[in-house]
Structure formats: C-alpha cells, structure tokens
Amino acid sequence: MRFRQKMFSYLSVFILCLAFFLINSAQVPAAEFSASDDGNFLYMDTRQLNVCYDNEPLKFVLQKDGTLRLMSRDGKHDYMSFVNYVGAKGGVGYKIRTICTTDPDMTFFEINADVGAHAMNCGYWLIGKHDGQWVTYVSLDSLATMGYTIGEWHQIRTKIDEDGTGRFILISSHEYLPPGAQYQYQRKHAVDLQLELFWDENAQWFGMRNL
C-alpha cells in the first residue's frame with residue numbers, strides 16, 4: 001500500500017512538472033523573420049556587393065572561378081568562401097539577401113546559387129555569427145538530412161513572412177514535361193520538398209521541420 005502511495009506521489013509530481021514545462025514552452029515566442037527586399041544577384045558583370053554586419057563594412061565578391069567570398073571591405077580579412085555543389089566552372093550566379101528576426105533581434109545572410117539557362121540550384125547557405133565567429137547555419141548538406149537530393153535538378157526559393165506569420169519557408173521544386181508535352185516551354189514545376197526554417201532558442205541554432 002505504501003509503495004502504491006509513493007508511486008502515485010512520484011507520478012503526480014512528474015505530471016505537474018511536465019505540465020509546467022509545456023505551459024512555459026508554449027509561452028516562449030517564436031522568432032519572426034523578415035526580409036527587406038528580394039536581394040541582389042551577383043553574376044557576370046556584377047561581382048561585388050557591399051554590406052554591413054555588426055557595424056563592420058563587408059563585401060561579397062564573386063571571383064572568376066565561380067567562388068563567392070565574404071570579406072572585410074578593405075580586403076584584409078577573408079571570412080568565408082562558397083563553392084557551388086555541382087562543380088560548375090562558370091555561369092554560376094548568387095542571390096544574396098539580408099534576413100532579420102525579432103525576439104530575438106538577429107541578422108543573417110541568405111545565399112542562393114544557381115547555374116545554367118534554367119537556373120538549376122547549385123548551392124544554398126544561411127550564414128551569420130555564432131559566438132563572434134562566422135558560421136553556416138543551413139546548407140544543402142543540412143537540407144539533405146530532410147530529404148533534399150544533392151546533385152539532382154532542383155530550384156530553391158524561400159518565402160519569408162508572406163502570410164503575416166513571420167515564418168521562414170523553403171521550397172524545393174523540379175521541372176518536368178507533362179504527358180503529351182514536346183517542348184521545353186511546356187515544362188511544369190513540382191514541389192519535392194517544403195521546410196520551415198526556425199530559430200531554436202535552446203540550441204542557439206536553426207532547426208528545420210517538414211511541411
């Protein structure tokens with residue numbers, strides 16, 4: 001009898017602790033995302049984009065070999081480099097835009113690379129600072145853990161706060177010719193992966209969930 005009473009007491013405490021945790025977790029607001037514009041595209045004649053981060057003047061530089069670099073504006077510090085995933089030696093373009101959040105207040109850079117006449121995706125990076133160092137929070141490698149197939153033909157686009165919820169949605173799609181179609185202009189797009197990217201306050205890192 002005493003054993004049952006003790007077990008009941010322990011179970012009651014556990015349930016109360018769990019309820020307290022769930023209630024408090026539900027009260028933690030999710031970071032809301034926004035983007036000020038559609039970004040800037042570096043390709044061919046446009047090879048440099050000047051930006052600022054933490055009051056430091058920076059620049060993205062597209063080199064002739066197709067490598068993108070993030071550097072200090074004076075060129076003294078080379079922070080990060082980005083190489084396309086398909087081994088293309090030319091014709092790679094990089095769309096760069098600034099992504100911001102509220103609660104907490106943070107800033108990131110989104111880099112979306114494509115190559116070829118049909119703009120096949122060949123790289124995706126979401127970068128920012130972590131403990132004072134530049135890091136990649138999301139890349140094609142992390143998307144692959146959610147079902148993205150690196151090396152196959154995809155396009156990637158993102159929707160940020162389009163529905164007023166502050167959510168950050170990433171969509172991967174591929175081209176196909178529907179039955180009876182004979183020409184490329186008849187091609188269609190089909191979504192093959194849709195994810196929500198969110199800021200995990202506990203992990204201090206980006207999380208992903210399938211939609």
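A residue is called buried under 20% relative accessible area, exposed over 50%, and partly exposed in between (1.4 Å probe, protein chains only). At 33% relative accessibility, Y43 therefore counts as partly exposed. The model is predicted, so that local features need pLDDT of at least 70 and side-chain atom pairs pLDDT 80 or more, while totals for chains, interfaces and linings use all residues. Numbering starts from 1 along each chain as its sequence is written, and side-chain values use heavy atoms, without hydrogens and water.

**Surface and loops**

Y43 is placed in the loop between β2 (40–42) and β3 (48–53); strands (E, at least two residues) and helices (H or I, at least four) are DSSP runs numbered from the N terminus. Together with F41 and M44, Y43 makes a nonpolar surface patch of about 290 Å². Such a patch takes residues with over 30% relative accessible area and no salt bridge, nonpolar side chains being joined within 5 Å; a salt bridge is a side-chain nitrogen of Lys or Arg within 4 Å of a carboxyl oxygen of Asp or Glu. Areas come from the Shrake-Rupley method with a 1.4 Å probe.

D161 counts as partly exposed because its relative accessibility is 32%. The peptide bond from D103 to P104 is cis, with omega near 5°, and P104 is found in the loop between β7 and β8.

**Cavity and pocket**

On a 1 Å grid over the protein atoms alone, a cavity is a set of points where a 1.4 Å probe fits but cannot get out; a pocket is an open set with protein on both sides within 12 Å along at least five of seven lines, and lining residues have an atom within 4 Å of a point. The whole structure holds 1 cavity of 30 Å³ or more, and the largest cavity has about 40 Å³ of space. Its lining divides into 7 nonpolar, 2 polar and 1 charged residues, including L140 and G151. Strand β9 (residues 120–130) gives the most to this lining, with 3 residues. L140 lies in helix α2 (residues 140–144) and is buried, with a relative accessible area of 2%.

The second largest pocket has about 210 Å³ of space. Elements giving two or more residues to its lining are β7 (92–102), β8 (106–115) and β11 (155–160). Of its 13 lining residues, K95, N112, D114, I156 and R157 lie nearest the centre.

How values were computed. Patch = residues over 30% accessible without salt bridge, like charges linked within 9 Å, V, L, I, M, F, W, Y side chains within 5 Å. Points joined across faces, edges and corners; volume = space filled by probe spheres on them. Nonpolar A, V, L, I, M, F, W, Y, C, P; charged D, E, K, R; others polar.
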